[in-house]
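Here is a short briefing on the structure shown below. Points are grouped by topic.

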Protein chains: 4
Amino acid sequence: MSSSKSSGASDHTVVTEGVISPATWNLVESKFSDFARETLTKLIRFVHDECMPAEELYHAQVGIGADRWTTIPPIIEELKTRAKALGLWNLFLSKAHYPKHGVPLTNLEYGIMAEVMGRAGHFASEATNCAAPDTGNMEVLAKYGNEEQQKTWLLPLLNGEIRSAFAMTERYVASSDATNIRTDIRQEGNDIVINGHKWWISGAGDPRCAVHLLMGKSDAKNENRYAQQSMVIIPANTPGVKVVRPMQVFGYDDAPEGHCEVLYENVRVPLKNLILGWGRGFEIIQGRLGPGRIHHCMRSIGAAERALELMLRRVTDPRKKTFGKQLSEHGTIVADIARSRMEIDGARLLVLSAANMIDSVGAKGALRDIAYAKVVVPNMALGVVDRSMQAHGAEGICQDIPLASAYAQLRTLRYADGPDEVHIQQQGKIELRRAPALWKRQKELEARTAKLFEKSGTPRPHL
Amino acid sequence: MSSSKSSGASDHTVVTEGVISPATWNLVESKFSDFARETLTKLIRFVHDECMPAEELYHAQVGIGADRWTTIPPIIEELKTRAKALGLWNLFLSKAHYPKHGVPLTNLEYGIMAEVMGRAGHFASEATNCAAPDTGNMEVLAKYGNEEQQKTWLLPLLNGEIRSAFAMTERYVASSDATNIRTDIRQEGNDIVINGHKWWISGAGDPRCAVHLLMGKSDAKNENRYAQQSMVIIPANTPGVKVVRPMQVFGYDDAPEGHCEVLYENVRVPLKNLILGWGRGFEIIQGRLGPGRIHHCMRSIGAAERALELMLRRVTDPRKKTFGKQLSEHGTIVADIARSRMEIDGARLLVLSAANMIDSVGAKGALRDIAYAKVVVPNMALGVVDRSMQAHGAEGICQDIPLASAYAQLRTLRYADGPDEVHIQQQGKIELRRAPALWKRQKELEARTAKLFEKSGTPRPHL
Amino acid sequence: MSSSKSSGASDHTVVTEGVISPATWNLVESKFSDFARETLTKLIRFVHDECMPAEELYHAQVGIGADRWTTIPPIIEELKTRAKALGLWNLFLSKAHYPKHGVPLTNLEYGIMAEVMGRAGHFASEATNCAAPDTGNMEVLAKYGNEEQQKTWLLPLLNGEIRSAFAMTERYVASSDATNIRTDIRQEGNDIVINGHKWWISGAGDPRCAVHLLMGKSDAKNENRYAQQSMVIIPANTPGVKVVRPMQVFGYDDAPEGHCEVLYENVRVPLKNLILGWGRGFEIIQGRLGPGRIHHCMRSIGAAERALELMLRRVTDPRKKTFGKQLSEHGTIVADIARSRMEIDGARLLVLSAANMIDSVGAKGALRDIAYAKVVVPNMALGVVDRSMQAHGAEGICQDIPLASAYAQLRTLRYADGPDEVHIQQQGKIELRRAPALWKRQKELEARTAKLFEKSGTPRPHL
Amino acid sequence: MSSSKSSGASDHTVVTEGVISPATWNLVESKFSDFARETLTKLIRFVHDECMPAEELYHAQVGIGADRWTTIPPIIEELKTRAKALGLWNLFLSKAHYPKHGVPLTNLEYGIMAEVMGRAGHFASEATNCAAPDTGNMEVLAKYGNEEQQKTWLLPLLNGEIRSAFAMTERYVASSDATNIRTDIRQEGNDIVINGHKWWISGAGDPRCAVHLLMGKSDAKNENRYAQQSMVIIPANTPGVKVVRPMQVFGYDDAPEGHCEVLYENVRVPLKNLILGWGRGFEIIQGRLGPGRIHHCMRSIGAAERALELMLRRVTDPRKKTFGKQLSEHGTIVADIARSRMEIDGARLLVLSAANMIDSVGAKGALRDIAYAKVVVPNMALGVVDRSMQAHGAEGICQDIPLASAYAQLRTLRYADGPDEVHIQQQGKIELRRAPALWKRQKELEARTAKLFEKSGTPRPHL
């Protein structure tokens, strides 16, 4: 076992009890630095003791009226202050890739932390400044932004003073294939002029949203389809930026952030707002993909764990007997619980192995593993949440228990960043590339078999 | 083939094209009366040509503001007038059971019609006065109400002038087991006084909701647990009736009807508002179950058919190519379509056989078949809707396409009226009752086998 | 209800008790002739009382030694005599299509009978001369054979005096696409000379097998790929016909029939052994498909019903308690039973609707429904048999209980006559043909919606 | 990354290419000793280059005649000699637990090796003297046998000179609950006399089988149900040991080992053949369980990997085009491949985490993880093998391709050592033990929430 165990077996218990299965922890523990262990311990306490008890207050402060689009719930700002003080801040930004602003955590280490955050829905991620789409935007600015862009936009984002939107998905086209994007970006003198129709722009409804990073076509006729796009920084209050309406996810509008339909009508920004250079938009978004998917997966596993915990509570609730029996005494309920446990543990290992692969060989070498994790986890988590909802009956699908909202959120992950079907086809084709080597091996094997028969003198049956 | 075919093969096409599979229609057609055939033809046209084009307007008239709880969308009232004129009114109420007010349709016949209505969600059912919870309430009043109760409440309901609520489910207890109900009903002089805490009271938020039928305990200490309950008619505007809040199904509040949390605080109604008599509540709700479940199932099949049609449209949308290929060219999409088709057709046959069984031997003799239909159909429909959502990507889960809302609605059917798990256990145990007969048959078989061996002279192998 | 009911409600019970669900019977009963009802009643008794008790003796008479390839178990011949006497003979051959030799049963009627036979595996089918491949071969000879061919081969087959093989599948090619067939058929003077390498030729190992119907290419270069094949009658004892080995299905060799690898080396038969004419082989096999698939499906449903009955017996066996509990007291076992029941009933209805469709509009018009039945049923039956095996533990997979052998047999149906995947793709594509009509309807609907908004004055929301 | 990488990155490639996914290897590599790495490399070569090419010869040498029960195929003995020379011998026996005879491999390390062996079915395990039931018997003798017992039976087993059987399962009772065992063991003077009826005694048919370890009741009336059993060593040639017949798994009899029905009729052995002492049988079998299940799981994963490789070959076979398309061009085939890959990788990680847990805290502390692995893996592997069979068509279920035999073997693992259902119920109940702690946490959380509302002044909504 790892040397870190010897320095304090009791720590071990503190860190992981009721959080990840001992077998998984045993497998990965030796890869955790002391810093990561300490941070994880603090984070678990912060999420369980401070974030989760505050969820109801958060929703009460948002309210259900029309003003929830202009409200900043005070509790979230208080928690942000607290997280910063505890050193639980910007944990997503890896020092290895972002030496200036990053935190010394590997993808494996942060993965476990993302799971812990995922137990409190979107809430703990926001409290620790680890919430999408800000995370991806900060990565883009940290990696590709110039000094002025970083000073103006990255620093306030890193400080949690402003929020941001990422404007990519377009209405009326299949923009999951980025080459289908139609938003027009053109230079006019020292200005950039943008015209486009986007939707599902997360965070665009938030009163704190100060900036959009927008992807569009600056050179639609370029023969190289991957050089047609550029990315531009648009202050949210620029004239011509019109938030049309919030899109709903299964009836939820997720105020105050929202996932908005946004029109960009003759939006004009200075040339210095171009990121990296003309035609480099595709290159920028490629860099966003790998680790972010792992984080999504781990948060989803956190959501699944919480759903299972809610189920365990519900089926043992003494008030909920029917026909003289508690739900936990029904064999099919027990089987659903065991199945959920198995599926969560298996899926987590798959994601952690992908996270570790990124740490070992980089995101490019881990694409296969990331893709599998991306397909497996949301499907698994949806199943677990569905069983928990079912055990809860009517209460399970309403606003009083965070299951239906988790389901809705998880459901989007089956098509966001490419639908399951596309990833499965891609990976199946990659697996098929092994065929020539297998045929070769088979030929060798057949030659050896022929020789063995010859040597043995055993007659070979008619095949 | 049925004689009705000879009278006009072209009718056949009119009636069912694109509505139910020819093989199913061929199987059941001979059981359709001329009246049912004509009504079905009219209904298909009404739903396709008048209801479905009006859905968007309905939602626009409801709006998204706070006043949607006080709004009666004019379009629904116009459609009701129109349906009444067409003779497409109260089709759910079977003349066989309710000779005074009913319509001459069997459960099988109305089943197909319920499917047609189900294509337009809740909307066509309401337009034809065939929407829950009014349907169940009308059945109760028609079957158990006295003349005065019928005059005061049944007639305006039959005319679609008022709407109603059914107050049964309670907060904090597992009220799917009706013996757990805690709402207190007691007589004080010539009054009945009600105190209770209900939720998920559908329709209670509607400005047209004029009356609640409430289930509670009037004799909680009666040794016969099925004689403890009574049912009382409560005018919606009685002092003490407090609508606390609408419950959400996923994120939908289904305004203006709503599924409401309702407090009954010292609600006082005259003694004549008691239905059937003291202690007969259980008897009344038992009568509500059978056919209503079939109708729910058939509407769900309609929802599944619509989801499949939306999918067929979406995957052939020329604007939605990704990487140069239309979705309909992907093998897994094609397989999903075929699977959906198979599953819908199989489930429909199961429901129709149950409906026909009710027509043949009554609801009690069809309980097994109703239970199976109730379990199979929502699960099937959820699968079909989910595949359609997946093919739609982000658009599939938002307010622009009626898929996520259908999913949310269908999801409730997996626990409403008893969760899947309970029905499955009950039916499994009923199937197990065959075991003694099977053991007996096995004994006989073994005796015959022994005799055959003896007669044949073949030595019997060691077993 | 049907008039036949009035003539004797008790008959009803006799006919179907414990055989098909009352709800299904109620739905189809009116389509049964008196002859079919009587025949069904007799058949049920024959299968339950005479065939099933004889199974063990049959296997004992076949034995496990090498001589089982030359043994004709006397019991099967006795049962054939008995079935003939009872009028339970050649029931598969529909009088509607084969007036000279056929029996007046529709596909729907015979479908139910095939299910009854399927309860006793291959055994009852053989006893009633309704076993493949003889059935298909008799259909071919009855439909396409000339008088001499019928006299020489059809009559003894109809009498159950000889058995036959159908030689189509070839080794080393994907012969499920019949155009891939490579067996060479050529005319030499007044002879036909055949050279080919077939396998999976069912029945070729049987000592009673007197004739092969062989499919091969007589005109491989014909531009019309469907005119390259011819079908030839080959007496089994013709020189050059070499049965190489029996193929195993999950370890079973199904002696004495066998599924054999067969070489045809310069096999020479007279020209009169050509069926229908040169180049008409494809036409002949096309005619074999529809009803035969329905019969396979119904026999598979019979196998599933028997598996469920075995499960019901096993889980109530008092000797099989573990940890103080009988298997039937475990919730998941009960759920497995209920699920099996639901799935069987749903699948049966699907097949019966397809059978009825063939009766109504012919096999060609029912292709869609036949294809769905062919995909749904074996998968369903495999699931039911697997659950029953699981409840039996080790006993469930061995030679003492006919479950593993049923599983092996059913498993072949998922690829025989075209794999599931091919049927699913074909049907999905056929379903997709509805898309243009749906687009058209959608356009009309949108026009109506626009008009409704205009008329109502309600402002249309930004969509 | 691990330091061992630095010593030779190229080794890495040699060891794992095409064997386990790089992501998994990266995760566990640091836990592999140099010895384990070398042994694994040698083993992969031995299995691929020597065992797999010899499989066909092995089966040819066994043959299909009656003498296959008396034949020892020379090739297996040659491979055993070779494996011994290579140091690939008795790898299953962990030095940590069996210092005298064991090999210095952890469960994690040997787990990966068991997977490699599993690619060649039972064959490579036997060649390396790592085949059940000998492995379990050697563990019993090494742990509980006295010096004389070890000398007489353990040493020849460790040398691969004899083979053995484990006689536990009984006919007519549910012996998966060991307290149901009925075989009688009694002392008569200095002898032990055994009477019992066992079946599924693997290896009892083998001419090399020299000894049975038998479990029976020596004290059936002991109040402590776990002290009723004893274990006795019975030389296979003792009078009264009657091998009745081989049981078939599906249609396989697995000659020459066999899984036999065995009668013990007044079998008499000397008292010194008692293992450990009277009444200690239960204690002995308890010690057999943990690691053995892990090995079974890993061999099953090897079987799944091989099935996937066969599928990759088959679907790219140029001779197998249908309708002009190769199987690998069909979207659903590609999806099946990707799904198989995902499922294998996820399941392997689950088993490895359990193996590592045994290494860390012992088998007792890893029971949960072992149970999950035992349920997940066979179900996963059956699915993968089934897809591969389906892609192969008829060839996939016959004796020419090792898929149907693998399926049959894997199917037994779903009930052997306790059926899935029992493990799932046990683990579900164990998971439910978390409920009290969750309720406690929930109470604390609610108290914190109340305090937060109070402090914030936000009014708390009616809940």
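In chain A, residues 68–161 have end C-alpha atoms 19 Å apart, with 56% helix and 0% strand. Helices (H or I, at least four residues) and strands (E, at least two) are DSSP runs numbered from the N terminus. This is a predicted model, in which local features need pLDDT of at least 70, side-chain atom pairs count only at pLDDT 80 or more, and totals for chains, interfaces and linings use all residues. Residues are numbered from 1 along each chain as its sequence is written, while chains are lettered from A and ligands numbered from 1 in the order in which they are written.

**Annotated spans of chain A**

- UniProt lists residues 68–161 of chain A as "domain: Acyl-CoA dehydrogenase/oxidase N-terminal", in an unreviewed entry.
- The UniProt annotation "domain: Acyl-CoA oxidase/dehydrogenase middle", also from an unreviewed entry, covers residues 165–267 of chain A.
- UniProt positions follow the numbering used here, feature names are shortened, and annotations may be inferred rather than shown by experiment.
- Residues 165–267 of chain A are 0% helix and 50% strand, and their end C-alpha atoms lie 16 Å apart.

**Domains of chain A**

- The domain assignment of chain A gives domain 1 (7–131), domain 2 (162–279) and domain 3 (288–432); such bounds come from an automatic or database domain assignment.
- Between domain 1 and domain 3 of chain A, the C-alpha centres are 19 Å apart.
- Their contact takes 18 residues from domain 1 of chain A and 22 residues from domain 3 of chain A. Two residues are in contact if their C-beta atoms, placed from the backbone, lie within 7 Å.
- On the side of domain 1 of chain A that touches domain 3 of chain A, helix H3 (22–28) and helix H7 (107–118) of chain A each supply at least two residues.
- H7(A) gives the largest share of that side, eight residues.
- By class, that side of domain 1 of chain A has seven nonpolar, eight polar and three charged residues. Ala, Val, Leu, Ile, Met, Phe, Trp, Tyr, Cys and Pro count as nonpolar, Asp, Glu, Lys and Arg as charged, and the others, Gly among them, as polar.

**Chains B and C**

- The contact takes 70 residues from chain B and 69 residues from chain C.
- H13(B) gives the most to the side of chain B that touches chain C, with 18 residues.
- That side of chain B divides into 37 nonpolar, 19 polar and 14 charged residues.

- Strand S3 (residues 191–202) and strand S7 (residues 259–270) of chain B run antiparallel, joined by nine bridges. Strands pair if DSSP finds at least two bridges between them.
- Strand S6 (residues 241–247) of chain B also pairs with S7(B) in the antiparallel sense, over six bridges.
- B:Cys260 in S7(B) has B:Ile201 opposite and B:Pro246 opposite.
- Eight of the nine residues of helix H15 (residues 404–412) of chain B are buried, so the helix is largely enclosed by the rest of the structure. Buried means that 20 or more other C-beta atoms, placed from the backbone, lie within 10 Å of the residue's own.
- The buried residues of H15(B) pack against helix H8 (121–127), helix H12 (290–315) and helix H14 (367–392) of chain B.

Note on methods
Buried ≥ 20, exposed ≤ 12 C-beta atoms within 10 Å, placed from the backbone.
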